[in-house]
Amino acid sequence: MKMKSNTFDTIVVGAGMSGGWAAKEFSEQGFKTLLLERGPNVEHLKDYPTTNMKPWEFKHRGRLTSQEIKENPIASRCYAFREDAKHFFVKDKEHPYGQVKPFDWIRGYQVGGKSIMWARQVQRWSPFDFEGPARDGFAVDWPIRYEDLADWYTYVERFVGVSGNKDGLDVLPDGDFLKPWESNVVEDYFSQQMKKHYKDRHVIYGRCAHLTESKPIFVEQGRGLCMSRRICQRGCPLGGYFNANSTLIPWALKTGNLTLKPNSVVHSVLYDETEQKAVGVRVIDSETKKSEDFFAKVVFVTAATLNTNLILLNSKSNRFPNGLGNDHGLLGKHIAFHNYRATIHAEYDGFPEFTTQGAKPTSHYVPRFRNVYKQETDFLRGYAAGFGAQPVRETNREGFGDQLKSNLLKTKENGLWNVNSHMMGETLPKETNRVSLDADVKDAWGIPQLNIDVDYDENDEKMIQDFFEQFTEMFSKAGFTNIRTNDNQRRPGNDIHEMGGVRMGKDPKTSLLNKWNQLYNCKNVFVTDGACMTSTSTQNPSLTFMAISARAANFAISQMKKGEL
Amino acid sequence: MERIGNFSFMNRRKAIQNVGFLTGSMFLLPYACEQEPELVYSNFPLFKRKDQTLVSLLCNTILAEDPINFPTTENRGQFVMTMINDCGSPREISIFVGGMEAFKTSLSPTHELDFANLTPEEQNKFLEHQFYASTVVTEFLNLLKKYCLLHFETSENYLTQYLNYEFMPGRYLGRVAI
């Protein structure tokens, strides 16, 4: 009886944006779907406690207390872990992990996952990105190409809403865009200067998952236009930016086919030796710590990159003693991320007569220009960069008393503009960058602790130097002054773009997932979050996770309809 | 020892002129004898209501509250204390503790002079001297000033009227002529 009530067509593990997409596709097409989330529910509108608070209403004006920093040395290094959004982040003490080498594992355990606090940048990958490993021979070849994903990018963009310009660049394909916000004078100027001085360097509007136009689909989702509040990490009462809570999960629940089960920590995927396939998952209730099994024909593991690795490594059976699908010992290996260590800052005095008004939730973007058409540097792959320009406000804070007050009231923009850029470098998916289960230490739910062994390498160091040299040259050509470069020493993981460990590939001997994201050795288990990534490219990866999830879910649906899964 | 109430202006002026000489002394007795109920600041267990009054007075001298033009939810002194207590780094906590005690004795080592009883002009003159003295008291005053500035610069009216802050701008104009 229990088994019957716990049986679904599909189980999706993890209610972030990858799992949200899988759940939406299955439930929309009539499949009874169980969506499991280890954290509590976060209901759109209802569970955004700080969303309408003004800066002056925060007790600490947005700052963390020293006790919070002391208790959360890892999480507090994340730019968004602040007084207004700290409740959406995993606290270090509550969920420890092993660091073989320093690694900041930033997590969001709740329905919606990190899609509540993400940076919302959504650039498509290009054909060059999927061909990268095949061209330079590092890592295995992707089993898919841009063309396999192009329509799914469009499918996702139309549903989530993406503001962007049609730029016509082969290194960063255009999508189905809503109108962009204005560029400011210095962003436009830098873009023109780069066109003048280089054939292959572009400065474009950073495409972002915000609604700048209303369309029937967004009205149906109950979402309104983005009002440029730029406090998205708190959750948006307007639904102005995309997160799983405002869009995917309510949409899937509306079908009547989705069962959302928060507070459900997935222990492992259950493998049936006789049937030679997965039959469900084992769940530990996060509150009562009681174990319960759930069953389905198909399991999507989308628990966010490293937890997906953990679950599969912990899914042991006689057939798979080293983790599900892991005959070759490659599960948990080839982890990569994005290198955000390099930044550059300068000033520009060319537009003293102009300023800006209002706000926009994005900045500009410099698509990758290194090693695109040929190998031209002593490092592999390349980097993209963000670019921003803001008028400088000058405030004299000298003195005290009446003099200080008078000084403060004379605050004004001084005609200069601050300009800055930060590198987003592709790191190489090395076999030595890996995660594994601790043989002795278990977490509060009896699941082995994850140990993370991931680091930068010489390729990353060379890329940082190249970024400094190239952007110093680019800023100089644009006439920017007072140029300063900085290696901020961010630890791996702090980019929150960790990927790999369950990589896709053409050959089951060297990879775990086929071109449809099925485990080669257990075809009814799919992995479509960051864990599936063969390489990382330079773009923010969430859009690609979503497109891959929608594509794989629809493949699984077609197979289920044919009775082949 | 003369009582504060009988203290002549000449004596006060002399004391103010001697602040550099006096700041090295640390007399805690008058404050240790306080019987007033304690305000609760976890990092400052010995902090008394009188101390809060002094901090509030100092903060208001550094950057006066302006409830008409720049109203805030909490008063400046309480905000500054909350920030130092909750968010202060270990170094800031240390600066506050050492600086507070040094300040109390900087005017006169035996507390016959009370900062609160100085005229506003005398208070300003005394603070001006301390701000430029490069002592532990200077660090203490700069710490208070840091959080006074935060309080003022995050007040609703300063943000909206002087820094162009809008909670829900709904637009971005990138080429606005000044």
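Of the 178 residues in chain B, 31% are buried, a residue being buried if 20 or more other C-beta atoms lie within 10 Å of its own, exposed if 12 or fewer, and partly exposed in between, with C-beta atoms placed from the backbone. This is a predicted model, in which local features need pLDDT of at least 70, side-chain atom pairs count only at pLDDT 80 or more, and totals for chains, interfaces and linings use all residues. Residues are numbered from 1 along each chain as its sequence is written, while chains are lettered from A and ligands numbered from 1 in the order in which they are written.

Chain B contains 9 helices and 1 strand; helices (H or I, at least four residues) and strands (E, at least two) are DSSP runs, numbered from the N terminus. Read from the N terminus, the order of the elements is α-α-α-α-α-α-α-α-α-β. Among the contacts in chain B with a separation of 6 or more, 73% are between residues 24 or more positions apart. Two residues are in contact if their C-beta atoms, placed from the backbone, lie within 7 Å.

Helix α5 of chain B (residues 76-87) has 12 residues and reaches 16 Å from its first C-alpha to its last, close to the 16 Å expected at 1.5 Å a residue; the expected span is 1.5 Å times one less than the number of residues. Because 9 of its 12 residues are buried, α5(B) is largely enclosed by the rest of the structure. The buried residues of α5(B) include B:F79, B:V80, B:M83 and B:I84. They pack against α4, α6 (90-106) and α8 of chain B, and also against α3 (66-71) of chain A.

Two of these partners also meet each other. The axes of α4(B) (residues 49-62) and α8(B) (residues 136-153) come within 10 Å and cross at roughly 70°, where axes are lines fitted to C-alpha atoms, for helices over the stretch in contact, and angles run from 0 to 180 degrees between N-to-C directions. The two helices are therefore roughly perpendicular, a term for angles of 65 to 115 degrees. Helix α4(B) contributes B:V55, B:L58, B:C59 and B:I62, and α8(B) contributes B:L141, B:L144, B:K145 and B:C148. By class, these residues are 7 nonpolar, no polar and 1 charged; Ala, Val, Leu, Ile, Met, Phe, Trp, Tyr, Cys and Pro count as nonpolar, Asp, Glu, Lys and Arg as charged, and the others, Gly among them, as polar.

The contact between the chains takes 38 residues from chain B and 34 residues from chain A. On the side of chain B that touches chain A, β1(B) gives the most, with 6 residues. That side has 21 nonpolar, 11 polar and 6 charged residues. Strand β1(B) is joined to strand β12 of chain A (residues 354-358) by 4 bridges, and the two run antiparallel; strands pair if DSSP finds at least two bridges between them. In this pairing, A:G358 stands opposite B:Y172.

Chain A also has an open sheet of 3 strands in the order β3-β17-β16, with mixed pairing. Its edge strands are β3 (98-99) and β16 (434-442). Strands β16(A) and β17(A) (residues 448-453) run antiparallel and are joined by 5 bridges.

Two asparagines of chain A remain. A:N263 has a positive phi of about 55° although it is not a glycine, and A:N263 lies in the loop between β5 (258-261) and β6 (264-272) of chain A. A:N517 has a positive phi of about 70°. A:N263 is partly exposed, with 19 other C-beta atoms within 10 Å, whereas A:N517 is buried, with 29.

Conventions
Angles under 35 degrees count as roughly parallel, over 145 as roughly antiparallel, 65 to 115 as roughly perpendicular and the rest as oblique.
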